[in-house]
Amino acid sequence: MALKPDMPRAWQRMLSGRRLDLLDPSPLDIEIEDIAHGLARVARWNGQTLGEHPFSVAQHSLIVEMILKHTYPDMTASSLLPALLHDGAEYVIGDMISPFKSAIGQDYKRIEERLEAAIHIRFGLSPRLSSQLKRKIKQADRISAYFEAIHLAGFAQEEALQLFGAPNGAETLPLPIKPWSTQQAQDAFLERFHQLFAQLDA
């Protein structure tokens, strides 16, 4: 269907050929390959990190899921997969740092929530996570941010503790904090997704 000349374009074309409407996203227009491709190319910390490569959202997402699995060993794939996908919306809207999100306000949050719900539906998850699971994922997210802050983003340990809290025993985990190449992050994200997705109906 042809667009009217005066209609603003609110969709983005993906490499898969899908056209995703950012304001009214359909689960049918979401592909995991597009998500992995995008997240592997979105830099955390606005790119202000050490290393030969940017530290990608895809790599961060893997770390968050690792921390969650370590903290709650009995957690099933239906809870671990949302952790892997917790920043999934950023494959189209990018990774805005928290201070900027706060400045923008609720408009950004509404777009992010719609995209997150569509992603969850696409992969057989509940559109809205329980408050308990959201809290656990956020805890793992903050622990990952703590390690990223001190190892990659130039924060002193004391400052990172104040901003993100204590790592709660995750210091012993062999977390892949050194930034990977884009392809390595993309491949690892896809591999872990398919592992978890295969366990949903197991």
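Buried means under 20% relative accessible area, exposed means over 50%, and partly exposed lies in between (1.4 Å probe, protein chains only).

## About the model

This is a predicted model, in which local features need pLDDT of at least 70 and side-chain atom pairs count only at pLDDT 80 or more, while totals for chains, interfaces and linings use all residues. Residues are numbered from 1 along each chain as its sequence is written, and side-chain values use heavy atoms, with hydrogens and water left out.

## Aromatic pairs

Let's begin with the rings. Rings of Phe, Tyr and Trp (its six-membered ring) pair if their centres lie within 6.5 Å; planes under 30 degrees apart count as stacked, over 60 as edge-to-face and the rest as tilted. The structure holds 7 such aromatic pairs. One of them is tilted: Trp45 with Phe155, 5.5 Å centre to centre and 55° between the planes. This pair links distant parts of the chain, 110 residues apart, with Trp45 in the loop between α1 and α2 and Phe155 in the loop between α7 and α8 (157-164). Trp45 counts as buried because its relative accessibility is 17%, whereas Phe155, at 21%, counts as partly exposed. Together with Phe164, these two residues form one aromatic cluster.

Phe193 and Phe197 give a stacked pair, 5.4 Å centre to centre with 15° between the planes. They are 4 residues apart in helix α9, so about one helical turn separates them. Phe197 is partly exposed, at 36% relative accessibility.

## Helix α2

Helices here are DSSP runs (H or I, at least four residues), as are strands (E, at least two), numbered from the N terminus. Among the buried ones are Val57, Leu62, Ile67 and Leu68. Counting contact as heavy atoms within 4.5 Å, the buried residues of α2 pack against α1 (32-39), α3 (77-84), α4 (90-93), α7 and α9 (182-199).

## The loop at Pro127

Pro127 lies in the loop between α6 (106-122) and α7 (131-151). At 34% relative accessibility, Pro127 counts as partly exposed. Leaving aside residues up to four places away in sequence, Pro127 touches Ala117, His120 and Ile121. The C-alpha atoms of Pro127 and Ala117 are separated by 4.3 Å, although the two residues are 10 apart along the chain.
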